[in-house]
Amino acid sequence: MRAERRADLVWIGLILGYALLGAVLRPFYGAGFSYDEAEAFYYARDLRLGYDAQPPLYFWLQWGLFQLIGETVFAVGLLKAATLALVGCALYGLLREAHPPALAGLGVAGLALLPDVLWRSQRALTHSVLTLGLTILATWLLWRALQNGRWRDWVALGLALGLGMLSKWNYLMVPATLLVAVVWDGRTRSLSRRGVGLAVVIAAALVAGPALWTLAHFDRATGTFGKLGFEAQGALPAPVAAVVAMIVTLGAVLGLLALVTGVMARRMRGRSRPPMPPLDRFLWRVLGAGIGLMLLAMLVSGSTRMQNHWLLPLAYLAAPLVLLRLAQVMSPRGTRRFELGLGAVWLSVTALLFYEGRVDPGWRGLDYAQVAGTLRDAAPEGTPVVTNEIRIAGILPLFLQEREILYLQDLSGPTGLPEGPLLWITMPVRDTDPTAEGLAQERGRMAEDTQAIELARGFRTTRFDIALSR
């Protein structure tokens, strides 16, 4: 027992240590932000019930960190690291319900075979990683509640479900998935009506405020629904397009896992496997129910698009479950070697992110200090800066602390703009994108003194268009 506790501490320490390493190195990846990071930095400077299409939890957490350590790139990286640590620690705790530390650790390390966890969660994603962590946490707490029936487990489950809904609205698929898995696995007798009711009440209480804000600002909160592809998609009927989108996305999310474990399984063919633990059987059903319900939701709604990070909270279980089945026919030595190999993959990604930050950091590597200097020279001190680009609105507060930065999507029409001179800035990429002068005219302001600057963005060039309205 003591040996297992020591092993638990080692694994948790490795997970936390890796996450902390990513946070420390984040400023070296580039002084700018990805799209999601910029969005978090902009909105997290104040507390609201709602912000935009995203629920508020991630922005609330970022605001809290800003109060503790200041509005810095490190603070942005620290929250991303904390969400990744939540994913690892929650998955380790879930798997430890039925497996020894070595196998639970293998399941966590196996997330390296999911590129969206290994690479995108550290490089770009924000809300989606928090959603994934809260999905795993809710699954773990539900299993404990089914096994023990303690009130504290049902209370914790309600908190996890409520917070999950506040991380991304598509988290609604998670409680539906868990319920279907419970029925499928024949565990309805383990459900406590009072416990379930308590969890539902707690979750509803947490979600009530932001949900009411969403209803009151429905157009703004649903502004990204176009991503779901409700419009017709070429010659394919919507149901066929939905199935194709699901298959393609599953291939993108699980393709590397299938390739690696397929080769391993072929080499181990013919070896006998012990019976599957009840937890693993339940988790397989969670996996199947999640993918099935997501496809059903697409077919019913007419959606024809799917993105990797939307499916990730429902498909992540494939990695630990497949590896746990393979580990049952691997020798202890082989398991250790595989764990070390997966650990090397995690460390190599940290090195690659650092290398990318030095060679081609993309949006994170733009010389925003030069942009800020140009804006200072373009208008008198105190002139607010207006933009339609979240990457600009998110990063300029670091370099133009003396100016008010206004993001047009965060304003209520032309009446939301202050009177007096305004400095407009855009990043037109396509011919149809508005110039700074055109953007001002759309808002009823006449702009003049236009200028443009071009800056290197890694191996590419980005143009900034600037105009002053008086």
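**Salt bridges and burial**

Guide: D153 has a relative accessibility of 4% and counts as buried. The model under discussion is predicted.

Visitor: With which residue does D153 form a salt bridge at 3.9 Å?

Guide: A salt bridge requires a side-chain nitrogen of Lys or Arg within 4 Å of a carboxyl oxygen of Asp or Glu. The closest N and O atoms of the pair are 3.9 Å apart, and the partner of D153 is R144.

Visitor: Is R144 buried, partly exposed or exposed?

Guide: Buried residues lie under 20% relative accessible area and exposed ones over 50%. R144 has 23% relative accessibility, so this residue counts as partly exposed.

Visitor: How many residues apart in sequence are the parts that E97 and R144 tie together?

Guide: E97 forms a salt bridge with R144, with 2.8 Å between the closest N and O atoms. E97 lies in the loop between helix 4 (73-96) and helix 5 (101-109), whereas R144 belongs to helix 7 (residues 127-148), so the parts tied together are separated in sequence by 47 residues.

Visitor: Which residues are linked with E97 in a network of salt bridges?

Guide: E97 itself is partly exposed, at a relative accessible area of 31%. The residues linked with E97 in the network are R144, R150 and D153.

Visitor: Are R391 and E389 buried or exposed?

Guide: R391 and E389 form a salt bridge whose closest N and O atoms are 3.7 Å apart. The relative accessible area is 17% for R391, which is buried. For E389 the value is 16%, and E389 is likewise buried.

Note on methods:
Residues are numbered from 1 along each chain as its sequence is written. This is a predicted model: local features need pLDDT of at least 70, side-chain atom pairs count only at pLDDT 80 or more; totals for chains, interfaces and linings use all residues. Side-chain values use heavy atoms; hydrogens and water are left out. Helices (H or I, at least four residues) and strands (E, at least two) are DSSP runs, numbered from the N terminus. Buried means under 20% relative accessible area, exposed over 50%, partly exposed in between (1.4 Å probe, protein chains only).
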